[in-house]
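Please take a look at the model below.

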Amino acid sequence: YITRIEVIMINRKSRDEIKRMRHAGHIVALVHKKMREVVEPGISTKELDSIAMKIIKENKATPTFLGYSGFPACICASINEKVVHGIPSETEILKEGDIIAIDVGATYGGMVGDSAWSYAVGNISEEKKLLMKATEEALMAGISKMRAGNVLDDISGAVEDVANSYKMGIVRQYGGHGVGHVMHEDPFLFNYRVGDQTLIKSGMVIAIEPMLNLGCDEVVVLDDKWSVVTKDGKPSAHFEQRTGAGHPGQGDGEIRGAGAVCLPPVL
Ligand code: MG
Ligand code: MG
């Protein structure tokens with residue numbers, strides 16, 4: 001007889017798959033580079049979405065988010081208290097002092113690029129600056145633990161420690177994930193320690209994506225069924241980057257040793 005057990009299937013990517021993932025990531029990077037230029041008071045999140053769409057199509061990729069579980073756009077645009085999954089809108093206009101998290105995905109050659117970055121709109125408060133700094137630092141701390149031989153909890157713990165050192169709230173219900181042939185592959189990655197001893201092996205690619213809040217941990221989903229906002233209305237930041245555990249000895253400058261390899265988007 002067969003006993004059913006729950007098995008998580010973590011894909012390990014080949015060199016060729018990694019190459020295509022880098023290409024997809026490069027396209028995502030081009031979008032972020034442009035977002036950095038155009039995010040300013042007066043622009044709508046719908047305009048940002050259109051610009052992103054144009055870049056993705058020009059580069060012969062497809063917008064991964066569009067139609068994903070019915071999502072109606074190719075970026076998620078999440079302003080201030082919105083944490084993730086904000087739907088771009090013509091009537092949502094950026095204003096001085098806002099922060100906006102832009103998450104974007106591009107599929108190229110059957111492989112997915114997925115990255116989020118938070119941007120300041122003009123001059124922002126010191127506390128918002130600190131929130132963005134903490135979240136970016138948490139991402140980098142997580143990336144530093146992405147290496148063959150470590151376990152998932154090493155990444156989660158590194159993210160958690162940075163968040164705690166800045167006394168930021170950590171969003172609990174959402175986290176990172178395996179990424180590759182589709183946007184969300186196994187495993188799920190928590191942004192705080194849960195004791196997950198899943199071994200990281202070469203060829204695994206994981207999107208690490210801390211979401212930190214200036215206030216409490218709790219979030220709620222709005223009536224649009226997508227937008228996730230902080231329960232206390234305080235600002236939230238989101239940074240996401242795909243990172244792979246290298247194939248040892250590959251030595252191509254992209255896959256270094258057994259350590260973390262950041263597949264762009266940061267140009
Ligand atoms: Mg994403
Ligand atoms: Mg993601």
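## A buried histidine

His-177 has a relative accessibility of 5%, so this residue counts as buried. Buried means under 20% relative accessible area, exposed means over 50%, and partly exposed lies in between (1.4 Å probe, protein chains only). His-177 sits in strand S7. Strands (E, at least two residues) and helices (H or I, at least four) are DSSP runs, numbered from the N terminus.

This is a predicted model, in which local features need pLDDT of at least 70, side-chain atom pairs count only at pLDDT 80 or more, and totals for chains, interfaces and linings use all residues. Residues are numbered from 1 along each chain as its sequence is written, chains are lettered from A and ligands numbered from 1 in the order in which they are written, and side-chain values use heavy atoms, with hydrogens and water left out.

## What His-177 touches

The side chain of His-177 makes a polar contact of 3.2 Å with the side chain of Asp-114. Another polar contact, of 2.9 Å, joins the side chains of His-177 and Glu-209. A polar contact is a pair of N or O atoms within 3.5 Å; within protein, one must be able to donate a hydrogen and the other to accept it, and residues adjacent in sequence count only if both atoms are side-chain atoms.

Which residues is His-177 in contact with, leaving aside its neighbours within four places in sequence? Among them are Met-183, His-184, Leu-189, Val-205 and Glu-240. Contact means heavy atoms within 4.5 Å.

Donors are N, O and S atoms within 2.8 Å of the metal (3.2 Å for Na, K and Ca); water is not among the atoms, so sites may look incomplete. Distant parts of the chain are linked here: Asp-114 is in strand S5 (residues 111–120) and His-177 in strand S7 (residues 176–178), 63 residues apart.

Asp-103 in strand S4 (residues 99–108) and Asp-114 in strand S5 are 11 residues apart.

Which residue bridges the magnesium ion (ligand 1) and the magnesium ion (ligand 2)? Asp-114 does, and the two ions lie 3.1 Å apart. Asp-114 has 2% relative accessibility, so this residue counts as buried. Asp-103 is buried too, with a relative accessible area of 10%.

## Two more residues

Is Asn-213 buried or exposed? Asn-213 is buried, at 0% relative accessible area. Its place is in strand S10 (residues 211–213). A polar contact of 2.7 Å joins its side chain to that of Ser-236. Not counting residues up to four places away in sequence, Asn-213 touches residues including Val-83, Leu-131, Met-168 and Thr-230.

Arg-20 lies in helix H1 (residues 15–38). At 26% relative accessibility, Arg-20 counts as partly exposed. Leaving aside neighbours within four places in sequence, Arg-20 is in contact with Tyr-108, Gly-109 and Met-111. The C-alpha atoms of Arg-20 and Met-140 are separated by 23 Å, and these residues are 120 residues apart along the chain.

## Aromatic rings

How many aromatic pairs does the structure hold? There are 4. Rings of Phe, Tyr and Trp (its six-membered ring) pair if their centres lie within 6.5 Å; planes under 30 degrees apart count as stacked, over 60 as edge-to-face and the rest as tilted. The rings of Trp-117 and Phe-239 have centres 4.8 Å apart and planes at 80°, so this pair is edge-to-face. Trp-117 lies in strand S5 and Phe-239 in the loop between strand S13 (236–238) and strand S14 (241–245), so the pair ties together parts 122 residues apart in sequence. Trp-117 and Phe-239 are both buried.

The pair Phe-188 and Phe-190 is edge-to-face as well, because the ring centres are 4.7 Å apart and the planes stand at 80°. Phe-188 is partly exposed at 37% relative accessibility, and Phe-190 is partly exposed at 26%. Ring pairs link Phe-188, Phe-190 and Tyr-192 into a cluster.
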